[in-house]
Amino acid sequence: MGDGNRHPQLTQNLKSKINMSETTIFDKVIKNVRVVRPFQESIEKLDIGIKNGKFSCIAPEINPENTRGIFDAKNLLGFPGIVDSHMHIGIYQPLSQDAVSESKAAAMGGVTSSLTYIRTGQYYLNKGGSYREFFPEVLQLSEGNFFVDYGFHLAPIAKGHIDEMQMLFEEYGVCSFKIFMFYGGYGLHGLSEKQNLFLMINKEERYDFAHFEFIMRGLADLMAQHPEAKDNISLSLHCEVAEILNAYTKIVQQDSTLTGLRAYSAARPPHSEGLAICIASYLAHETNCANINLLHLSSRKAMEAALTMEAAFPHINFRREVTVGHLLLDVDTPNGTWAKVNPPIRPREDVEYVWQAVLNRQVDWIVSDHACCSAEFKRDIKQPQNIWLAKSGFGGTEYLLSGVFTEGKKRGMSYNHMAELLSGNPAKRFGLKQKGDIAIGYDADLVLFDPNESFVVDAANSESQQGYSPFAGMELTGKVKSTFLRGDLIYDKGEILGNAKGRYLRIESSK
């Protein structure tokens, strides 16, 4: 985890670039960076030369005369820009407005690439219809409003959306799609008879297991048509079984001994996650849908099911995701309803099991699942502690790196492993070939991070418009000091700098 144990070959490769630095005029040189790279085992103190928004030279010493500007990192850790691959921008407030405030929050947390799950239906744009009409509007509302680079995962909600996946991939570079399994009978905020209204689909259509199967068949066909993208076309799943949620919610609501987050966890029990994972995995096997992402695994039963399915179907390329919320919070958090989310925050024994899976390298990436939900949606004025009246989801992208660093360091997690989970792995999975590492030719996305500075979470200090945080009062160790996006300093000394410079991330397929 320290600066020792240098790799001779790595050091030699870096030194070989010094000659280039003697002749190249860089736009910027960031000196004295303790570089943290994914898929490595050491940390090197290096200078970083940036030209045309790319890492152009990485060497032990770059001549300061060969640059138009110098930034002294003062021996801070340098992480690759964080790839927060699970966000929900525009879910509870207009997309163009949400993009501004929540991408600022992302930048202050060291996030430089934001990938948003989005769909037709209620919330987001509150529109149904085809993605041919819907997605250009999403891009229009996004352009000029993101302070970090941004991309989208899309959910085929209506039957016609399955046929549009090819168009979305070929014309817009979208290669990641999503199924919300729990909409099948229960919905986000309504029972099954309201499903069509909630999702804005035709009365004769059903968002159910059969629809999920046909999405997978459509995705397998897309992979066959585009073998060059076989590693990047993938399907993400929110795994909870709707019928289990429906039944258990009725039972728990009648039990006066269960309240708050503990009641909500019981109403959406861990075995519902496990069962959904098994169903989804078998459907992936049946349809030969090769790349499956199991999202926000929150419990021991979910993680065990995911690992069991990987052993059962080794030809399916599973990836497992957890969120910073499920790693930092448990059902006894004093912030109660602020922490309501789907799947629920779990008891401490589940939290520790999921952490052990992280340390065992059984988790592929960690995300925020950021969904800015303002206080008026989150707490009923008359019954602020009533968990059933609160909407689901909360923001946290600004605490993603600090939260993982705080708890990970306590457990002996290496900085390089953190970089894999927060940058390298999600960038690889989702085809962000220029993101996720500090390497020549990559986008110059860099986070300067002080591992020794502690702070207490206070929503008043966040750029997010949420106005509260379920992490409030928690002391985190490790703080983002500066964030660079493609070489431009966009966050420094507690301030967002400049205008929104985020670019749309058209996914590049492997070749």
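Which residue just after helix 10 takes a positive phi? Asn-288 does, at about 60°. The views below come from a predicted model, where local features need pLDDT of at least 70, side-chain atom pairs count only at pLDDT 80 or more, and totals for chains, interfaces and linings use all residues. Residues are numbered from 1 along each chain as its sequence is written, and side-chain values use heavy atoms, with hydrogens and water left out.

**View 1**
Helix 10 covers residues 270-287. Helices here are DSSP runs of H or I with at least four residues, strands are runs of E with at least two, and both are numbered from the N terminus. The expected span of a helix is 1.5 Å times one less than its number of residues. For the 18 residues of helix 10 that gives 26 Å, and the end C-alpha atoms are 26 Å apart, so the two values agree. Several residues of helix 10 are buried, among them Pro-270, Ile-277, Leu-283 and Thr-287. Buried means under 20% relative accessible area, exposed means over 50%, and partly exposed lies in between (1.4 Å probe, protein chains only). An α-helix has 3.6 residues a turn, so residues three or four places apart point the same way. Just after the helix comes Asn-288, with its positive phi of about 60°.

**View 2. Ala-312 and Cys-278.**
Ala-312 belongs to helix 11 (residues 300-312). Its relative accessible area is 43%, so Ala-312 is partly exposed. Ala-312 and Cys-278 are 34 residues apart in sequence. In space, their C-alpha atoms are 10.0 Å apart.

**View 3. Backbone exceptions.**
Most residues other than glycine have a negative phi, and most peptide bonds are trans. Phe-39 is not a glycine, yet its phi is positive, about 65°. Phe-39 sits in the loop between strand 1 (28-36) and strand 2 (43-51). With a relative accessible area of 38%, Phe-39 is partly exposed. Lys-493 is not a glycine either, and has a positive phi of about 50°. The loop between strand 16 (488-492) and strand 17 holds Lys-493. Lys-493 is exposed, at 73% relative accessible area. A cis peptide bond joins Asn-342 and Pro-343, with omega about -10°. Pro-343 is in the loop between helix 12 (324-328) and helix 13 (348-359).

**View 4. Aromatic pairs.**
A pair of aromatic rings is described by the distance of the centres and the angle of the planes. Rings of Phe, Tyr and Trp (its six-membered ring) pair if their centres lie within 6.5 Å; planes under 30 degrees apart count as stacked, over 60 as edge-to-face, and the rest as tilted. The structure holds 27 such pairs. Tyr-150 and Tyr-504 form a tilted pair, 6.1 Å centre to centre with 45° between the planes. This pair links distant parts of the chain, 354 residues apart. Tyr-150 is in strand 8 (residues 149-154), and Tyr-504 is in the segment after strand 17 (495-496). Tyr-150 is buried at 4% relative accessibility, whereas Tyr-504 is partly exposed at 22%. Tyr-207 and Phe-212 pair edge-to-face, at 5.1 Å and 75°. Tyr-207 is buried, at 0% relative accessibility. Phe-212 is buried too, at 2%. Ring pairs link both into a cluster that also includes Tyr-92, Phe-180 and Phe-377.

**View 5. Charges over rings.**
A charge sits over a ring if NZ of Lys or CZ of Arg is within 6 Å of the ring centre and within 35 degrees of the ring normal. Arg-119 lies over the face of Phe-180, 5.9 Å from the ring centre. The charged end of Lys-479 sits over the ring of Phe-455, at 5.4 Å from its centre.

**View 6. The second largest pocket.**
On a 1 Å grid over the protein atoms alone, a pocket is an open set of points with protein on both sides within 12 Å along at least five of seven lines; a cavity is a set where a 1.4 Å probe fits but cannot get out; lining residues have an atom within 4 Å of a point. Grid points are joined across faces, edges and corners, and a volume is the space filled by probe spheres set on the points. The second largest pocket holds about 230 Å³. Of its 14 lining residues, the closest to the centre are Met-108, Phe-455, Asn-461, Lys-479 and Tyr-491. Strand 14 (446-456) and strand 15 (475-485) each give two or more residues to the lining.
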